[in-house]
Amino acid sequence: MIQVRNLTFEYATDQPVFHNFNWSINKGEAWTILGPSGCGKSTLLYLIAGLRQALSGEILVDGERLMRPRPQSGLIIQDYGLLPWATVKDNVRLGLDIRRFYGPDGKHAPVEAKVNDADVSFWMEKLGLKEQAEKFPGQISGGQRQRCAIARTLVLQPDLLLMDEPFSSLDAPTRESLQNLMIELWQQHNLTMITVTHLIEEAAILGQKILLLNEPPNVTANVIENTSFDKPNVRSDPEYLHLCQILREKMSK
Amino acid sequence: MRAKAVLLALVLLLLLWQVLAWIVNLAILPSPWEVGQTLIRELGRDLPGHFLASFWRVFASTLLAIIFASPLGLMLGQSKPLNHFFAPVIYLLYPIPKVVLLPIVVLFLGIGDVSKIFMIFLILFFQILVLVRDQAANLRPELIQSVRSLGAGRRALFRYVYFPASIPAILTALRQSVGTAVAVLYVAELFATQKGLGYYIYLKGSNLFDYPAMYAGVVAMSILGFGLYFVVDWLERKLCPWQFAR
C-alpha cells in the first residue's frame, strides 16, 4: 500500500530528519509511529499525507508516486481542525461539499466518487453525534469534536487513515473509548491505518506493528511486531504490559 | 444586550438632558421635548432629504470599502511574501487620521458626492484591510492543512475557510469605525455642499440660529450612527451565530 523509498527530508540544511529512509506498509495493516517529540513522526505522516514534499527519494501510495494530498487518504489531527463557524453537521459534510465543489476530477476528489448526503447522517449516527448536529464546535466536548473530525474523514470513504496524536489532548476514559472505536472502525471498513503518538500505551493499543523513531536523522526503520494487538481486555493482558515495558526501555535509550 | 435595558438608558439620558436644559435655561440648550417636536415638524420638510443624502454616502462608501478591502486583506493574509512587501506601506498609512486628507481629496475629486464617499471609504478601507488580513493570517496552519487533506485546493480553501473567516473581521472593522465614519461625514458635509446632515446642522445653527432644528439635525445624525451600529450588530448575530452560541 505504501512504500517509502530512500526518503530524505530536512527542515534546515544538513540536518536531515530522515536520511535514505526506507519503510513499507501492506494494505489493511494498523501501524503506529512512536517516538519522542522532535523525532520526525508527524513529519513522516504529513509526507505520507502529501502535505509535505521530500527532498529526495519517493513515497508510493497504491503504486503511485505521491505529489499532492491524495483524495482517498484521510487525515485526523490533534486539534481536530474543525471549522469554528460551521455546525457539527456542516463540518461532517465539509469533505463532500469540497468534492461537489470540484466534481470528480481525480485530483481533489476520486474519479469514481459519489457524493451522498445520506452518508453524513450514517456517520453522525455511528459516532453518536446526532444530538450535536446543529451545535458549533465551541459548544461540544473535546471527545465529541474528535468524533466529529473522524466522521468528517470517514464520510469520504478513505482507504488510508492517517492520525496525528489524535487523542493526546483528551482525558484517559475518552481516549480509551475512542481508541476502541478506531479499532472497531478499522476492522469494519477494511482501512489501512497509521497513528502517530508519543504515548507508549496508545502505540501498543492501535498498532499491529510499531515504527519506533528516535533522535534524527532516522536512517533505518525500527519495527516492532505487536502480538497483543486486538486481544480481548488487551489493557490488562501480560503480553501488552510487557510490550509497553520494552517500548519504554527502547524510548529511553 | 436586552432592548429593555437600552430603552431604560435612553429614558435616563433624556431625563438628564431635560434637567440640564432647566438648569442652563438658555436658547442654545433647548429641552428634549422641544427638540422632539421640532424633529417631527422638520421630518415633514427637508430633513429626510438631508438624512438620505448622508445615509447614501455612508452606505456607498461602506459597500465600496468591503468590496475592495476584503479581497485585498485576504490576499495579504494568505501570502507571506505579499504581506511582507505591503506591511510597511500599510503601517505608514493606517494611523494617519484620514480626515486631514479632506482638503486634498476635495481638490482632486471636487465638491460633489464622490469626494465625501471617498473620504469615508478611506477610513473603512484601512480598518477592514488590516482586520481581514490579520484574521486570514492568524488562521491556524493545522486548520488549513486538515481542510487541504479533505481535498481542498486554493479555490476551495478560499470558499470554505478564508471567505467565512473574513466575515467576522469585516463586521468587527465596521463596528469599530462606523462612529468615526459618521464623524468624518459630518466634517466632509461642512464643505461646499447643500445636501446632508452636516450641512443641515451647520446651516440651522450658525446661519439661521434655529437651535431646536440644529438639535434635531444632531439627533438625526446620532440616529444614523446608531442605526448603522445596530445593523452591524444584527448582521453579526445573523451571519456569525457561532460567536454567540454558548
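Which strands of chain A does helix 1 of chain A lie across? In this predicted model, local features require pLDDT of at least 70 and side-chain atom pairs count only at pLDDT 80 or more, whereas totals for chains, interfaces and linings use all residues. Residues are numbered from 1 along each chain as its sequence is written, and chains are lettered from A and ligands numbered from 1 in the order in which they are written.

Helix 1 (residues 41-49) of chain A lies across strand 1 (2-10), strand 2 and strand 4 of chain A, where helices (H or I, at least four residues) and strands (E, at least two) are DSSP runs numbered from the N terminus. The helix runs at about 120° to strand 1 of chain A; such angles run from 0 to 180 degrees between N-to-C directions, with axes fitted to C-alpha atoms, for helices over the stretch in contact. Contact requires C-beta atoms, placed from the backbone, to lie within 7 Å.

Chain A holds an open sheet of 4 strands in the order 2-1-4-5, with antiparallel pairing; pairing requires at least two DSSP bridges between two strands. Strand 2 (16-25) and strand 5 (64-65) of chain A are the edge strands, each pairing on one side only. Strand 4 (residues 56-61) of chain A pairs with strand 5 of chain A over 2 bridges, and Glu64(A) in strand 5 is the bridge partner of Val61(A).

In chain B, helix 5 (residues 102-109) packs against helix 6 (residues 113-137) at an angle of about 140°, with axes 9 Å apart. Helix 5 of chain B is therefore oblique to helix 6 of chain B (angles under 35 degrees count as roughly parallel, over 145 as roughly antiparallel, 65 to 115 as roughly perpendicular and the rest as oblique).

Definitions and conventions. Contact = placed C-beta atoms within 7 Å.
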